[in-house]
Amino acid sequence: MKIKKLHIKNFKSIADLEIIEPNPFTVFVGPNGSGKSNIFEALEFFIIPLPLKDKVHLFGGKEEIITRDISYKECQIEIIHESFDFSESTSFYPNTETLPWEELNDSFRNSSEEEGIAEGKFRYSFRRLFIKNLEKQKINFSDSYKLSFSGNNLEKVLKRILLDETKKEEISEWLDLFIPGFERVEVATSDLSNIDTLLIYEKGIKKPFPKNLISDGTYNILALLTAVFQSDEPQFLCIEEPENGLNPRVVKELVGFFRYACEERGHYIWLNTHSQTLVSELTPEEIITVDKIKGETKIKQFKGEDFHGLSMDDAWLTNTLGGGLPW
């Protein structure tokens, strides 16, 4: 999987945004309200394979999607991929009290079967995640194939993954690195209720810890590992604030894990973060700063810049990066 260009126009605070040859592991940094989530949400809006009316409803209606004051209300996305070109335009015409608004969805893409299959795989590979944020979840997946936005089907997905002994061993190795005293993880299913229960075993303690007794950080780590290992095919994961509940040491190790997943498993993993610790572990190519200027989301990429020995968090917090400060 290789994304050559992403171009978004007129989606919420995004007027015209272009990302060229993004790094597979990319982290968006910037202040609250700058539009980091809007980038992920635009991808979700256009990529998820739902009828347009359903998508518009899920995303709060046309007034929530088109917030900029223009006469012809249209939002667009273009994704140039190594295997296909994807371009989609969604137009909203002004409504009156007597005439309901109309919607037009135009798609422009090469119609060859090979490119159609590649695009279908790309759509299926996409998932946006904000672990434990059920309030913002638009679609409630309850199956065992992929995590939902909030990860509230974690037990079902993790149970399926743990049936693969190779994956189970690899997940256990990462958990041993992330969680002090970790011994093993299980998903037990009640014979009577058929309810799945997440259980964490720690060294020296015979009784396992169920979901309601494990920390938010441990749950978050389990969900992130599950997301990465849930598919054998390359995925495009957009993860919001993965550092939540994690101590600085684990956050640093998490960066290495995501890099590994991109390099060895072919994933694209994009994060947004407020964590100085996470940013301190990044290279310039892995950062995109996000800022809002006069109500418009602006980004900046860094390729080949020399920051003269500054760590990326120092470069960020001293404004050497030139935008996207966390305050």
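**Asn 10**

I began with Asn 10, which at 7% relative accessibility counts as buried (buried is under 20% relative accessible area, exposed over 50%, partly exposed in between, with a 1.4 Å probe and protein chains only). I placed Asn 10 in strand E1, residues 3-11, where strands (E, at least two residues) and helices (H or I, at least four) are DSSP runs numbered from the N terminus. I then followed the side chain of Asn 10 to the backbone oxygen of Glu 74, which it reaches at 2.7 Å.

**Basis of the values**

I note that this is a predicted model, in which local features need pLDDT of at least 70 and side-chain atom pairs count only at pLDDT 80 or more, while totals for chains, interfaces and linings use all residues. Residues are numbered from 1 along each chain as its sequence is written, and side-chain values use heavy atoms, with hydrogens and water left out.

**The sheet of six strands**

I traced an open sheet of 6 strands with mixed pairing, in the order E7-E11-E12-E3-E13-E14; two strands pair if DSSP finds at least two bridges between them. Strand E7 (126-129) and strand E14 (296-301) stand at the edges with a single partner strand each, so one side of each has no neighbour in the sheet. From one strand to the next I read an average twist of 20 degrees.

Within this sheet I looked up E3 (residues 25-29) and E12 (residues 268-273), which pair in the parallel sense over 5 bridges, and I found Phe 25 opposite Ile 269 in E12. Helix H1 (residues 36-47) packs on the sheet, and its direction makes about 140 degrees with that of E7; contact here means heavy atoms within 4.5 Å, and angles run from 0 to 180 degrees between N-to-C directions of axes fitted to C-alpha atoms, for helices over the stretch in contact.

**The sheet of three strands**

I found 3 strands in an open antiparallel sheet, in the order E8-E9-E10, with E8 (182-189) and E10 (209-210) as the edge strands, each pairing on one side only. E9 (residues 196-202) and E10 pair over 2 bridges in the antiparallel sense, and Ile 200 stands opposite Phe 209 in E10. Helix H5 (residues 154-162) lies across E8 and E9, running at about 110 degrees to E8.

**The whole chain**

I recorded 10 helices and 14 strands for the protein chain, and 49% of its 327 residues count as buried. Its C-alpha atoms fill a box of roughly 65 × 55 × 40 Å, taken along the principal axes.

Conventions: A polar contact is a pair of N or O atoms within 3.5 Å; within protein, one must be able to donate a hydrogen and the other to accept it, and residues adjacent in sequence count only if both atoms are side-chain atoms.
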